[in-house]
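My notes follow in the order in which I looked things up.

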Amino acid sequence: MNFKIRAASKEDCKDISRMIMELAVYEKMPDQVKISHEELQRDGFCQNPFFQCLVAEVPEEQKSKEGFTVVGYALYFYTYSTWKGPTVFLEDLYVMPEFRGKGIGKGLLSKVAEVAKKKQCVRLQLSVLDWNTPSRDFYAAKGAQDLTVTEGWHFIRFDGQNLDNLANEAPKD
Amino acid sequence: MDYKLRKAEPKDVSDILRLVKELAKYEEMEHQVTLTEKELLEDGFGDTPFYHCVIAETQGESSRDDPRVVGFAMYYFTYDPWVGKQLYLEEFYVMDECRGLGIGSEILRHLSDLAMKTRCTGMMFVVAENNEPSLQFYKRRGAEDLSQEEGWRLFRFDKDSLVKMATPAEE
């Protein structure tokens, strides 16, 4: 199968938004998707973008059943480790089910690693759901370590009303 | 003890590195800090900063004393494709001798306020599961442990794996 990996453009946001929803369905959390392609466009293609995106594209003759030629994406941004310096965080990596097993996922991941190297990043981090064995195996095969297992790190979040409350008061310890 | 919160400046990098190492020691991973003051300076105060920093500074016992940097928080903006901008809290630390005075709470309040003002829908960070005091501090204030509640695990590729992946294989 012919495919090419390129930087996303503003015009790709509808496709990216479609695939974000497909990935959320796979992760069993589709009701958590609250933003549309318009916000993605605003946040990813402004002067100081909040994320970067790569897309995988197939030629017209190999388009999907529904007629899509953009069949995979990788969404990432730069973070910072006070121990080691600049890092890339791979937020989303997804390939449509009918295009799997053809090296597109590996291609996207390698391209992100290449970008990381060029920007002198020393690490690539991501998060995976504990039940998502295919993904955990995919990353482990490429040399990733599960830091939640080896070092006990847990992801924590404040959002919605809790963030609001925190902003409005300084509670006593 | 009087203290004030302010934005970090280039002159603060040596204090920032000192506190980074103190926090790493508390997390029992001090030997993992390889960053230098020079890198902190370039990465935080260059053309494209990778991070932002807020400092807690005390005035000292008398007006003749130099102010002391006793706490800091380092953060940057990340992106959740489901809900948009997030404020990511990378480091958050108050020196042992200055705890219990509300400095940590005030830093967290300041950051939450900043998150709301910059249109972030959440504030995220990681905590080691054996760090009970920190886990309780955050849970008391309404934080969710996503690793426990949704099963998210943090993965990392280090430099060697990164280099291997970046070099295209013969397919």
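**Entry 1: the elements.** I counted six helices and seven strands in chain A. Helices here are DSSP runs of H or I with at least four residues, strands are runs of E with at least two, and both are numbered from the N terminus. Along the sequence, chain A reads β-α-α-β-β-β-α-β-α-β-α-β-α. Its C-alpha atoms fill a box of roughly 65 × 35 × 35 Å along the principal axes.

I then turned to chain B. Chain B has six helices and seven strands. From the N terminus its elements run β-α-α-β-β-β-α-β-α-β-α-β-α. For chain B the C-alpha box is roughly 70 × 35 × 35 Å, again along the principal axes.

**Entry 2: ground rules.** This is a predicted model, so I noted that local features need pLDDT of at least 70 and side-chain atom pairs need pLDDT 80 or more, while totals for chains, interfaces and linings use all residues. Residues are numbered from 1 along each chain as its sequence is written, chains are lettered from A and ligands numbered from 1 in the order written, and side-chain values use heavy atoms, without hydrogens and water.

**Entry 3: the sheet.** Which strands form the open sheet, and in what order? I found seven: β1(A)-β2(A)-β3(A)-β4(A)-β5(A)-β7(B)-β6(A), with mixed pairing. Two strands pair if DSSP finds at least two bridges between them. β1 (4-7) and β6 of chain A stand at the edges with a single partner strand each, so one side of each has no neighbour in the sheet.

I looked at where the chains meet in this sheet. Strand β6 (residues 145-146) of chain A pairs with strand β7 (residues 152-157) of chain B, antiparallel, over two bridges. Gln145(A) has Arg156(B) as its bridge partner. Asp146(A) stands opposite Phe155(B).

Next I checked helix α4 (residues 133-141) of chain A. It lies across β4 (85-95), β5 (123-129) and β6 of chain A, together with β7 of chain B. Helix α4(A) runs at about 160° to β5(A). Such angles run from 0 to 180 degrees between N-to-C directions, with axes fitted to C-alpha atoms, for helices over the stretch in contact.

**Entry 4: the interface.** How many residues does each chain bring to the contact? I read 73 from chain A and 74 from chain B. Contact means heavy atoms within 4.5 Å. The buried area between the chains is about 7600 Å², and carbon and sulfur atoms give 61% of it. Buried area is the accessible area (1.4 Å probe) that two parts lose on being put together, summed over both.

I found one salt bridge across the interface. It joins the side chains of Asp43(A) and Arg119(B), at 3.6 Å from N to O. A salt bridge needs a side-chain nitrogen of Lys or Arg within 4 Å of a carboxyl oxygen of Asp or Glu.

**Entry 5: inside chain A.** The structure holds 21 salt bridges over all chains. One of them joins Glu98(A) and Lys65(A), with the closest N and O atoms 3.7 Å apart.

Last, I looked up Ser17(A), in helix α1 (residues 13-26). Leaving out residues up to four places away in sequence, Ser17(A) touches Ser36(A), His37(A) and Leu40(A). Ser17(A) and Gln41(A) are 24 residues apart in sequence, and their C-alpha atoms are 9.8 Å apart.
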